[in-house]
Amino acid sequence: MGKLLVCDPIAASAVKAMRAAGIDVDVRDDIELNDLASIIGEYEGIVVRSRTKVRKDLINKATRLKVIIRGGAGLDSIDVDHAQNKGIDVRNTPAANSNAVAELALGMMISLARHIARADSSMKEGRWEKKQLKGTEIAGKTLGVVGYGRIGQLLGQKAKALGMKVVAYDPYIEHPDIIPLDEMFAAADYITIHVPMTTQTAGFIGAEAFAKIKKGAYLIQASRGGTVDERALYEALTNGVLSGAALDVFTEEPPKSDLLLKLVALPNVITTPHIGAATVEAQNRVGGEIVKIATSYLA
Ligand code: NAD
């Protein structure tokens, strides 16, 4: 029977199902990299989420490993080529949490439009800011989606159902909503980014983009820290280029640098601690897919 280590939190039902399938599962879901490096050699399989980074040094110590299972979408936290060169398969569960992320992005958009977060915090501080909190409506506005894959298209469908016009930019697929990037930047009242983090997409929304984005637009970032240049974003939020932004992901999580702390504190910014995939339903779907992959390799 294969031995598998769960390195980040996953649904308890998934652990139970893998054990029922005969896999010898250890759960160390807050394990630090040093500790992981000292025991990874014992395992044929590991399960990670975004927290545990599986880099070359760690992979070199994984002498018995057959499969790295990434619960969730992005593979930027894993040195995939290096693992594959060592004969280790890398698998993920890309579609399991798409709807959760699309719904968060939608919630962020409405929250930006209606200042919901600010309204709540001012009420809790004992203020009644009715006059200052006049919002706008999303119906009739244009949503621009950068990266029209699973999450981007789901969000597009939801936005259309709420009366928005949807345009998108994605050079790798064909879809009637897709238009040239500059046209999308000029047209969109809300811009949301849903690309994977790669060398091509690092800093994709940066100074050059902010020079083209419609003045007063809103930005939603629930993809991966780094696809938006945070310094350029801070500029855009403080010089009137953007009306506001909603951020679920950061280059440093939790944010500690001066720049990120300043960004989080801006009154026209709302933030969440990387909870895009954090729903009961998504976690159950991710867990179910992890079980399927783990049993196919180790049971
Ligand atoms: P996907 O692969 O289905 O879609 C990504 C799309 O981006 C693809 O259609 C691809 O063609 C497009 N793309 C790639 N490079 C591009 C470029 N340079 N310009 C424009 N488009 C480009 O992926 P997905 O499942 O929709 O996930 C999208 C992002 O969401 C990923 O970064 C993923 O890591 C992130 N994500 C975040 C959370 C969260 O908790 N916030 C959870 C899940 C996924």
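Predicted model: local features only at pLDDT ≥ 70, side-chain atom pairs only at ≥ 80, totals over all residues.
An oxygen atom of the ligand lies 3.4 Å from a polar backbone atom of glycine 149, a polar contact in the sense of a pair of N or O atoms within 3.5 Å. Taken alone, the ligand exposes 870 Å², and the protein buries 89% of that; accessible areas come from the Shrake-Rupley method with a 1.4 Å probe.

Residues are numbered from 1 along each chain as its sequence is written, and side-chain values use heavy atoms, with hydrogens and water left out.

Around the ligand stand 26 residues, the closest being Arg150, Ile151, Asp170, Val195 and Asp248; a residue counts if one of its heavy atoms lies within 4 Å.

Let me turn to the domains. Domain 1 covers 3-93 + 280-298 and domain 2 covers 98-271, with bounds from an automatic or database domain assignment. Their C-alpha centres are 31 Å apart. To the contact (heavy atoms within 4.5 Å), domain 1 gives 5 residues and domain 2 gives 4.

What joins aspartate 76 and arginine 224? Their side chains meet in a salt bridge, at 3.3 Å from N to O; the term requires a side-chain nitrogen of Lys or Arg within 4 Å of a carboxyl oxygen of Asp or Glu. Across the interface of the two domains, the rule finds 1 salt bridge.

Key:
Polar contact = N/O pair within 3.5 Å; in protein donor to acceptor, adjacent residues only side chain to side chain.
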